[in-house]
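I opened the notebook to record, entry by entry, what I looked up in this structure. Each entry begins with a residue or a theme and stays with it until I move on.

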Amino acid sequence: MSLHPLLASLLLALAATAPWSAQAQEKGQVEAGAGRTFREGDGKAWLAYRFAALPFRGGVAVPALEVVGYAGAARGDAGRKFAGAGLQGAVNYQFDAFTLSGRAGMGYTRGSGKRADGDRDGKKRLGILYGLGTAYAVTDNWSVHFDWDRVPVRYNGQQKATVDLFSLGLSYRF
């Protein structure tokens, strides 16, 4: 079984068991953030709308809608690069200053690679984005994030891949 159906099942199970009631603890919030991976030139940025937080087993469940942008290079070959954007839903579970999150959605990526003759060749790909993450709230507004995201990429007619982005970043909650 591949990971994305398992992740989708986990997110659906969490959403089905959460007590989605009209008694939210707070109203929705906007959050913006950016992260860098541990490799030169890779990174992501996001803008999220976090819906009202709902009590859930000692913490709070916070559903969200995120717009994400990402860019990077293929491992082992500096000639292959990618950039793209996506829209994803997320379920965040907050307890004290910590947050665990799972997300899935659709992304549009453009990859490019060098051909044997030295020219560049590029392809576009629409695919499923998904990932997991954790965050620690340093203040009421600032959080430090560590995330893993899987991004679909097509570099040319023959080369396609899924890229794993591990990033460390900051976000600000308005």
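I began with glutamate 66, whose place is in strand β4; strands here are DSSP runs of E with at least two residues, helices are runs of H or I with at least four residues, and both are numbered from the N terminus. Before going further I noted that this is a predicted model, in which local features need pLDDT of at least 70 and side-chain atom pairs count only at pLDDT 80 or more, while totals for chains, interfaces and linings use all residues. I also noted that residues are numbered from 1 along each chain as its sequence is written, and that side-chain values use heavy atoms, with hydrogens and water left out.

Is glutamate 66 buried or exposed? Glutamate 66 counts as buried because its relative accessibility is 6%, where buried means under 20% relative accessible area, exposed means over 50%, and partly exposed lies in between (1.4 Å probe, protein chains only). I then looked for a partner of its side chain and found a polar contact of 3.4 Å with the side chain of arginine 50. A polar contact is a pair of N or O atoms within 3.5 Å; within protein, one must be able to donate a hydrogen and the other to accept it, and residues adjacent in sequence count only if both atoms are side-chain atoms.

Leaving out residues up to four places away in sequence, I listed what glutamate 66 touches, and found Leu47, Ala48, Arg50, Gly86, Leu87, Gln88, Ala90 and Arg103; contact means heavy atoms within 4.5 Å. For leucine 87 I also checked the C-alpha atoms, which are separated by 5.8 Å from that of glutamate 66, although the two residues are 21 residues apart along the chain.

My next entry is on aspartate 147, which I found in strand β8, residues 142-154. Aspartate 147 is buried, because its relative accessible area is 6%. Its side chain is joined to that of arginine 103 by a polar contact of 3.5 Å. Among the residues that aspartate 147 touches, not counting those up to four places away in sequence, I wrote down Lys44, Trp46, Leu132 and Phe166.

How many aromatic pairs does the structure hold? I found 8 aromatic pairs, and one of them is formed by tyrosine 49 and phenylalanine 51, edge-to-face, with 4.9 Å centre to centre and 80° between the planes. Rings of Phe, Tyr and Trp (its six-membered ring) pair if their centres lie within 6.5 Å; planes under 30 degrees apart count as stacked, over 60 as edge-to-face and the rest as tilted. Tyrosine 49 counts as partly exposed because its relative accessibility is 37%, and phenylalanine 51 counts as partly exposed at 40%. I also noted one aromatic cluster, formed by Phe56, Tyr93, Phe95, Phe98 and Tyr136.

I then turned to the loops. Arginine 57, in the loop between β3 (54-56) and β4, has a positive phi of about 45° although it is not a glycine, and at 72% relative accessibility it counts as exposed. Aspartate 96, in the loop between β5 and β6 (98-114), has a positive phi near 55° and is likewise a residue other than glycine; aspartate 96 counts as exposed at 81% relative accessibility.

My last entry is on the whole protein, which has 1 helix and 9 strands, in the pattern α-β-β-β-β-β-β-β-β-β when read along the sequence. Of its 174 residues, 40% count as buried.
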